[in-house]
Structure formats: C-alpha cells, structure tokens
Amino acid sequence: MAGNIITVFGATGAQGGGLARAILADKGGGFSVRAVTRNPNSDNAKVLAKAGADVVKADLDDPASVRKVMEGAYGAFCVTNFWEHFSPQKETAQGRTLGEAAKSARLKHVIWSTFEDTRHYIPLDDDRMPTLQEHYKVPHFDAKADANQYFDPATTTFMCTSGYMDNMIFFGWGPQRGEDGSLSMVFPMDDVKLPLIAAEDIGKCAYGIFKRPNEYRGKTVGVAGEHLTGSEIAKAVSEALGEPVAYNAVPPEVYRTFGFPGADDVGNMFQFKRDFADDYQGHRDLAESRKLNPELLTLKAWLASNASRIPIPD
C-alpha cells in the first residue's frame, strides 16, 4: 500500500469508520488505511476493502493481535466501545493494550479517543453525584481517562469527543411519544448547552489531526459540531420531522432511574456536562473543530440527511 499507514481500530464502527472513509476519499493525502476489525468478512469490512483499505483482524482482548496490526505503521487511531460490554475495567484494559502496543511499535502519531476524568471535577466522596461501582462518577468517561497514562504523551493526541447526533437513531436520544400523542425529548440539562457532533465528523476531525502532526502531537483537543440547548435541539428536530417536539428537562436523579442499561452512568454524564458546562464546552471549540474538518455538520444539516432514520413511535 502506498503512503504512510494508519492502523484504524473500530474501522467498521462509527468513529474509526469515519476516519477510514476520510483517508480513502483523499487519494493524494499521503496516507493509507489498515482497517482493523474482529470480522474481516462482515459487510462493512468488505466495503472498506473494496474502497482500498487493507482489512486485518485483531481483537482488543488479544494484545498479541493488537501489536501485530500496529507493526510497520506510521500511526494509529485508537478507540474502544464501552457500550459493547458496560465494564469500566475492561475499557481501561483495552485502552492499556492499545497504548502499550503503540509504544512497542514506535508509532510516530497516535490518536486516542478519550474523555475527561470526571473525578477531577467531582471527587468520589462528593455526594452531589452518586459514585458508581465504587471507583467512578461517570464510568464510560473515567475508564477511558484511566487508560490515558498508557499512551506516550509525546506522540499521542488525546481527542475528546462529544455526544453523537446519531444517538437519536441508535441510542434512544430521539423523540418519545407521550400518552397524549405528543412528542418530547428528555435530557437532564436544564437550559445548559450540550455539545453534539455527527459520528462521521469525528473521523474527519481525526484525519485533520493526522494531517497536522506537529500541531497536535502531545496535545488534548476536543471536537464538536454544535453546542445547543435542549430546546434548540427539540426545535431543530421538530422542523426536520414536521411535527412539534417539546423539550422535557428532568433532574439527573430522575434520569438515572429510567431503567435502560447504563442509565445511571448516562444520567451522571449529563449532570457532569450540565454542572461543569464552562469547562466541558470550552474543551470543545467549534472553530478548531471546523479547522480540522471544514465539512463539519450542524444539527440542522445532519437532520436534513438523517431525520428519516430516527425511530419515531406511533
């Protein structure tokens, strides 16, 4: 394969897939894709292979396989998926595997998709937010942050993402219909703005980082497509669907009782984003995100192509 090889973990998923497609679309960009997947025979893997990616097999629970797919590469995009297993310990272990393999392979530039450690803002003994599983405030944030230490700080860009706009399709963030037939969206955010990004744009931002190694190696950068209040989100969705959508701001303690898997984790996450909004939003500069990815979508633009995919209850 021509060009500097980027080993892309999660290449058949949201973030890694966006990066793989961005690299493959830029024929003169100087990079090629080594797309990592657990199943090279999946439909998504076959699409990447047809587009020119070198599809390889590895499993984040098998460190030897991870080391092998990093050998000889210029860089790597490292990401884990907490929602596959809901285990913060496994999340940190997988991050450690990625970080140690990247150091072993002596990669020139690594991007680690991570989050803030919320315990730096609200300690475990602070009862404003319940402590979960004894060691975490927001497990899927804190567990990634626990893995930061295993990456070489000199060669790594620590990329903090935002909530996916796509969560309206796949994660239950879309409108729900009440007993009276009306639609509403529920977030425990009061009137505080929530940073959002199209999942595909995360990969495109990552590509922008790889194209500027001297500017971003050794740094932390946050990406977002737009910062919007719950009312602004509901208004945009309403316009896209052609049906009124209300915003229902519930307290985090109510959201944590909703009963879906990980509701306590997600409820704490929203509370963190609400209570520490200045820092959380400040870490996700929209102008810098657009510099990395000039095609960055606003929510309105994302909805123009995706509103029909949002499951709307009858």
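1. Quick term first: two strands count as paired if DSSP finds at least two bridges between them. With that in hand, and bearing in mind that this is a predicted model, look at strand S10 (residues 194-197): S10 pairs with S12 in the antiparallel sense over three bridges. Within that pairing, Leu196 sits opposite Glu226 of S12.

2. Zooming out, S10 belongs to an open, mixed sheet of three strands, ordered S7-S10-S12. S7 (163-164) and S12 (226-228) are the edge strands with a single partner each, so one side of each has no neighbour in the sheet. Helix H9 (residues 230-241) lies across S10 and S12, at about 105° to S12.

3. On to charges: the structure has 15 salt bridges. One of them joins Lys144 and Glu91, with the closest N and O atoms 2.5 Å apart.

4. Glu116 is in the loop between S5 (109-114) and H5, and Arg284 in the loop between H12 (277-282) and H13 (286-292), so the bridge ties together parts 168 residues apart in sequence. Both residues are buried.

5. Lys204 is partly exposed at 25% relative accessibility, while Glu295 is exposed at 52%.

Notes:
Residues are numbered from 1 along each chain as its sequence is written. This is a predicted model: local features need pLDDT of at least 70, side-chain atom pairs count only at pLDDT 80 or more; totals for chains, interfaces and linings use all residues. Side-chain values use heavy atoms; hydrogens and water are left out. Helices (H or I, at least four residues) and strands (E, at least two) are DSSP runs, numbered from the N terminus. Contact means heavy atoms within 4.5 Å. Axes are lines fitted to C-alpha atoms, for helices over the stretch in contact, and angles run from 0 to 180 degrees between N-to-C directions. A salt bridge is a side-chain nitrogen of Lys or Arg within 4 Å of a carboxyl oxygen of Asp or Glu. Buried means under 20% relative accessible area, exposed over 50%, partly exposed in between (1.4 Å probe, protein chains only).
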